[in-house]
Amino acid sequence: MFGRRMPFRERMAQFLYGRNGPDTIYNVCIWSAFALAILGIFTDSLLMSLAYTLLFGYAIFRFMSRNVTKRRAENRAFCDFFASFKNGFKLGKRKLTDREHVYKKCPHCRAQLRLPRKKGEHDVCCPRCKVTFSVKI
Ligand SMILES: [Zn+2]
């Protein structure tokens, strides 16, 4: 009478096959939407509910998307962007605590150089662009 029904887990696996599924952006969107929804309880603002609806919708869109290549590229760009923030923060902290070195930017390629803290004027060769310039410490 009834066709053989697949167990729920199998049907779910078939449904999710080839889809992007959860990734970093998905997690960020879901948690931001959740936080905004909680804030929305107290503020009762239309903008807030619109924001969390959009975030939630975008998260679901990413989860369901079959264009996995594009979603992965977006996710990688997102992660790299925040990693650069994190690394910038680490460098800032190291600059403040490192008493044996000074940090200077190469005037040619803007690369961050760590130089020994020796008083006087020195010629420095940038390891990235190989340009020699003078630095006063
Ligand atoms: Zn350079």
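A helix here is a DSSP run of H or I at least four residues long, and helices are numbered from the N terminus. By that naming, Phe15 is found in helix α1. Keep in mind that this is a predicted model.

**View A. Here is the overall layout, with the protein divided into two domains.** Domain 1 takes in residues 8-97, and domain 2 takes in residues 99-137. How far apart do the C-alpha centres of domain 1 and domain 2 lie? They are separated by 39 Å. For another sense of scale, pick out Phe15 and Ala111, which are 96 residues apart along the chain. Between their C-alpha atoms there are 48 Å.

**View B. Arg19 lies over the face of an aromatic ring, that of Phe15.** We're back at Phe15, the residue in helix α1. Arg19 is at 4.5 Å from the centre of the Phe15 ring.

**View C. Arg62 and Asp23 form a salt bridge between distant parts of the chain.** A bit of background first: side chains of opposite charge can pair when their charged atoms come close. In this pair, the closest N and O atoms are 2.9 Å apart. Arg62 belongs to helix α3 (residues 46-64), while Asp23 sits in the loop between α1 (8-16) and α2 (24-43). In the case of Arg62, the relative accessibility is 0%.

**View D. Glu74 forms salt bridges with Arg62 and with Arg71.** Start with Glu74 and Arg62, whose closest N and O atoms are 2.6 Å apart. Again, distant parts of the chain are linked: Glu74 is in helix α4 (residues 68-97) and Arg62 in helix α3, twelve residues apart. Now turn to Arg71 and Glu74, where the closest N and O atoms are 2.9 Å apart. These two share helix α4 and sit three residues apart, which is about one turn of the helix. Why does Arg71 count as buried? Its relative accessibility is 7%, so Arg71 falls under the 20% cut-off for buried residues. Glu74, at 25%, is partly exposed. Step back, and you can see that Asp23, Arg62, Arg71 and Glu74 are linked in a network of salt bridges. How many salt bridges does the structure hold? The count is three.

**View E. Four cysteines coordinate the zinc ion.** The SG atoms of Cys106, Cys109, Cys126 and Cys129 are the donors, at 2.2 to 2.3 Å. Along the chain, these donors follow the spacing C-x2-C-x16-C-x2-C. Cys106 comes from the loop between β1 (101-105) and β2 (112-116), and Cys126 from the loop between β3 (121-125) and β4 (132-136), so this pair ties together parts that are 20 residues apart in sequence. Cys106 and Cys126 are both buried. What is the geometry of the site? The angles among the four donor atoms run from 106 to 113 degrees, and the site is tetrahedral. For reference, the ideal angle for four tetrahedral donors is 109.5 degrees.

**View F. Trp31 and Phe34 form an aromatic pair, one of seven found in a search of the whole structure.** A pair of aromatic rings is described by the distance of the centres and the angle of the planes. For Trp31 and Phe34, those values are 5.7 Å and 90 degrees, and the pair is edge-to-face. The two residues are three apart in helix α2, so about one helical turn separates Trp31 from Phe34. Trp31 is exposed, with a relative accessible area of 57%. Phe34, with 49%, is partly exposed.

**View G. Phe78 and Phe82 make a tilted ring pair.** Their ring centres are 4.9 Å apart, and their planes meet at 55 degrees. Both residues are in helix α4, and since they are four residues apart, about one helical turn lies between them. Phe78 counts as partly exposed, at 23% relative accessibility. Phe82 also gets the label partly exposed, at 45%. Which residues make up the cluster linked by ring pairs? Phe78, Phe81, Phe82 and Phe85 do.

Methods: Residues numbered from 1 in each chain as written. Predicted model: local features only at pLDDT ≥ 70, side-chain atom pairs only at ≥ 80, totals over all residues. Heavy atoms only, no water. Salt bridge = Lys/Arg side-chain N within 4 Å of Asp/Glu carboxyl O. Buried < 20%, exposed > 50% of the residue type's maximum accessible area, 1.4 Å probe, protein only. Donors = N, O, S within 2.8 Å, 3.2 Å for Na, K, Ca; no water. Tetrahedral: all angles 85-135°; square planar, octahedral: opposite > 155°, others 65-115°. Domains from an automatic or database assignment. Phe/Tyr/Trp six-rings, centres within 6.5 Å; stacked < 30°, edge-to-face > 60°. Lys NZ or Arg CZ within 6 Å of the ring centre and 35° of its normal.
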